[in-house]
2 protein chains.
Amino acid sequence: MTDTVAPAPAEATAARPYSPGLEGIVAAETALGYVDGEAGRLLYRGYRIGDLVERGTYPAVANLLWTGEWEPRHHLPTAPVPAAVLTALRALPLTAKPMDALRTAVSVWGATQQLDWPPTPEQARALTAFSPSALAAFARLRQGLEPVDPDLALDLVPGFLYQLTGNFADAGTARALDAYFIVGAEHGLNASTFAARVITSTRSDIASAVTGAIGAMKGPLHGGAPSEVVEQLHKVGTPEHAEAWVRDAVARGERLMGFGHRVYRAYDPRAAALRKVAEAMDNKPDWLELAIKVEDVALRVLAEKHPERALKTNVEYYAAAVLQGVGLTPDLFPATFALSRHAGWTAHVLEQAGANRLIRPDAIYTGPPERNLPA
Amino acid sequence: MTDTVAPAPAEATAARPYSPGLEGIVAAETALGYVDGEAGRLLYRGYRIGDLVERGTYPAVANLLWTGEWEPRHHLPTAPVPAAVLTALRALPLTAKPMDALRTAVSVWGATQQLDWPPTPEQARALTAFSPSALAAFARLRQGLEPVDPDLALDLVPGFLYQLTGNFADAGTARALDAYFIVGAEHGLNASTFAARVITSTRSDIASAVTGAIGAMKGPLHGGAPSEVVEQLHKVGTPEHAEAWVRDAVARGERLMGFGHRVYRAYDPRAAALRKVAEAMDNKPDWLELAIKVEDVALRVLAEKHPERALKTNVEYYAAAVLQGVGLTPDLFPATFALSRHAGWTAHVLEQAGANRLIRPDAIYTGPPERNLPA
């Protein structure tokens with residue numbers, strides 16, 4: 001019933017470079033993050049991630065990404081949640097995924113703001129300060145608790161913990177989560193950051209860009225499956241069982257969660273920074289003790305069994321240990337990762353807007369040739 | 001205060017293909033839409049857009065995009081708005097932009113649904129049927145009116161008009177808007193569709209993808225500035241002033257809104273299809289009469305003055321005329337465009353998921369070389 005009235009359009013369009021997943025295609029220039037997987041280096045505006053964790057805070061690092069200026073004492077408290085956002089969060093099912101709640105909160109926030117083009121560091125700051133309060137509010141609402149207002153004397157990460165629990169975290173706990181936020185802040189053109197840049201490229205607003213980025217990070221190929229590391233540590237149980245458990249698992253051919261990375265061949269510098277902070281905690285949660293012990297055993301066993309593979313600890317391993325250690329439930333891990341990435345997303349939005357060009361790749365048409373509708 | 005401790009990373013990364021905006025880079029294969037700007041052709045799965053408008057309805061075209069099957073009598077009514085969405089919409093400021101409201105509605109909708117991977121045609125259908133009800137609800141709420149429940153006997157576009165106005169539209173009006181929805185349904189890898197595919201590529205859900213797509217379309221480089229055509233027609237006033245007004249405008253070097261397109265060198269086939277439907281209306285709104293007259297004059301004058309440029313009517317011209325003609329206010333045009341594109345976005349989500357690969361391009365790092373933090 002179909003008439004071919006022209007050659008297949010695909011034939012006319014097959015000459016352009018095609019890279020599924022755009023691997024090896026450069027889609028942007030960026031002065032923000034540099035990922036050097038071979039050497040195990042991650043730089044934000046030239047500064048090593050380990051140095052930033054050692055000497056900075058998340059607000060200072062976020063400010064560095066937005067402005068290029070290093071002000072180690074830069075203060076950024078969490079921001080109040082507009083009434084419209086709270087109403088929307090209260091209306092969500094208690095079983096809604098925290099990523100869906102955060103995506104919705106940012107979208108409602110955007111609808112309540114005047115977000116003129118071009119996006120500004122002030123807009124980036126306001127959105128980055130808003131989202132932790134919104135996620136904390138949702139986390140409490142689904143437990144039947146009332147949201148806690150921001151304490152403007154606290155910096156962003158201890159402020160988030162305060163709004164989550166209603167209590168002031170001890171310094172070590174806040175420090176560990178702050179380190180997590182710093183290492184999560186930026187990582188080049190991953191899928192969520194790229195989504196934010198594509199959305200910005202139409203001259204849309206910063207809330208639209210971050211709403212899209214949260215949606216992208218929600219996917220397990222990007223945000224990961226953080227509960228897997230936690231479940232693995234659950235199975236190990238206690239440090240003294242680590243050696244036997246890891247050897248059994250490797251002998252059975254099981255994949256150890258939290259080891260190996262697409263980009264990093266050397267030790268993931270983010271995992272290294274988080275381990276260092278974890279080791280320095282005065283009151284180390286049992287989780288972190290266990291994670292450190294299991295890592296030591298796992299690296300030793302993996303090197304014995306697969307010396308050719310160079311499987312090293314990845315950031316998800318210590319991320320899970322730290323997040324669990326500071327008292328977050330695994331279903332909050334992806335949304336907390338999204339909070340930490342706000343600095344990078346919004347910095348990329350500013351960078352994209354500063355040298356903007358509509359991002360609109362080509363497609364190869366592989367469908368039917370031109371034809372008539374069936375009679 | 002900064003020490004250069006390594007060569008600039010950019011030097012190590014400058015060899016890959018770089019296309020700002022990804023122009024000329026093929027990011028996906030698609031069997032959905034084929035845009036042939038030279039010849040003025042637009043095909044959905046091989047079928048000419050003009051034929052689809054003549055013989056189809058928006059639900060039939062959407063179903064074609066989702067399934068590949070042509071069922072001209074495919075019925076799709078608008079869907080009820082979940083209570084959580086209505087609560088969120090009621091909480092928005094009355095001055096919120098309709099695109100922000102629609103983005104929020106889709107995000108809340110996603111939080112209320114079980115959207116397992118992979119996305120399905122049923123999910124696409126449910127979301128496409130939901131969004132018109134949500135936008136209509138917001139449009140009424142901001143006027144102080146209560147939302148109208150869907151009439152399940154109506155197809156999607158007359159159903160949308162019914163929920164918007166509380167009245168049944170006459171057949172010609174519904175037909176004109178349905179034609180608009182068909183020509184807006186799909187247009188290859190534009191920025192919003194690409195954003196939807198990037199988000200889907202992480203195995204995120206269909207609501208996250210469409211939320212991001214709406215955010216991308218919100219930008220004026222994509223969604224356009226539809227009020228400009230309306231304002232131009234306002235300035236012309238009546239058909240008898242068209243000739244003088246157009247000649248004056250062109251003589252003053254003003255740009256005529258609604259003419260010229262980045263891709264189409266020949267007459268935009270979407271504009272042609274919309275004009276045909278508009279001309280056939282029994283009770284043509286004055287707007288459409290005026291638009292047809294102004295177009296004739298403008299094409300004649302532009303061909304006289306700039307024979308080398310081939311400036312033809314673009315889809316925005318008739319889109320504005322039709323949307324204004326059926327009674328929509330200009331600030332609802334971008335969100336109505338977004339409603340029409342739901343079919344294409346969700347079809348691309350299905351297509352991306354069916355042959356998925358994480359979309360993650362490279363970046364060239366242009367920031368400072370590795371350096372120490374200031375002391």
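**The interface between chain A and chain B**

Between chain A and chain B of this predicted model, 45 residue pairs, both members at pLDDT 80 or more, are in polar contact, a term that denotes a pair of N or O atoms within 3.5 Å, of which, within protein, one must be able to donate a hydrogen and the other to accept it, while residues adjacent in sequence count only if both atoms are side-chain atoms. On the side of chain A that touches chain B, helix H5 (residues 98-112) gives the most, with eight residues; helices (H or I, at least four residues) and strands (E, at least two) are DSSP runs numbered from the N terminus. The residues of that side of chain A divide into 46 nonpolar, 28 polar and 19 charged, where Ala, Val, Leu, Ile, Met, Phe, Trp, Tyr, Cys and Pro count as nonpolar, Asp, Glu, Lys and Arg as charged, and the others, Gly among them, as polar.

Residues are numbered from 1 along each chain as its sequence is written, and chains are lettered from A in the order in which they are written. Local features need pLDDT of at least 70, whereas totals for chains, interfaces and linings use all residues, and side-chain values use heavy atoms, with hydrogens and water left out.

In total, 93 residues of chain A are in contact (heavy atoms within 4.5 Å) with 93 residues of chain B. The area buried between the two chains, that is, the accessible area (1.4 Å probe) lost on putting them together, summed over both, is about 8600 Å², of which carbon and sulfur atoms give 60%. In chain A, the residues that lose the most area to chain B are A:Val26, A:Arg360 and A:Leu373, together 9% of what that side buries.

Nine salt bridges are found across the interface, each being a side-chain nitrogen of Lys or Arg within 4 Å of a carboxyl oxygen of Asp or Glu. One of them joins A:Asp205 to B:Lys218, with the closest N and O atoms 2.7 Å apart. Strands also pair between the chains (at least two DSSP bridges): strand S5 (residues 362-365) of chain A runs parallel to strand S1 (residues 26-30) of chain B over four bridges, and A:Tyr365 stands opposite B:Thr30.

When the copies are superposed by least squares on the C-alpha atoms of residues with pLDDT of at least 70 in both, chain A can be laid on chain B with an RMSD of 0.0 Å by a turn of 180° and a shift of 0.0 Å along the axis. The two copies are therefore related as by a two-fold rotation axis, and the C-alpha of chain A nearest this axis, that of A:Gly212, is 2.0 Å from it.
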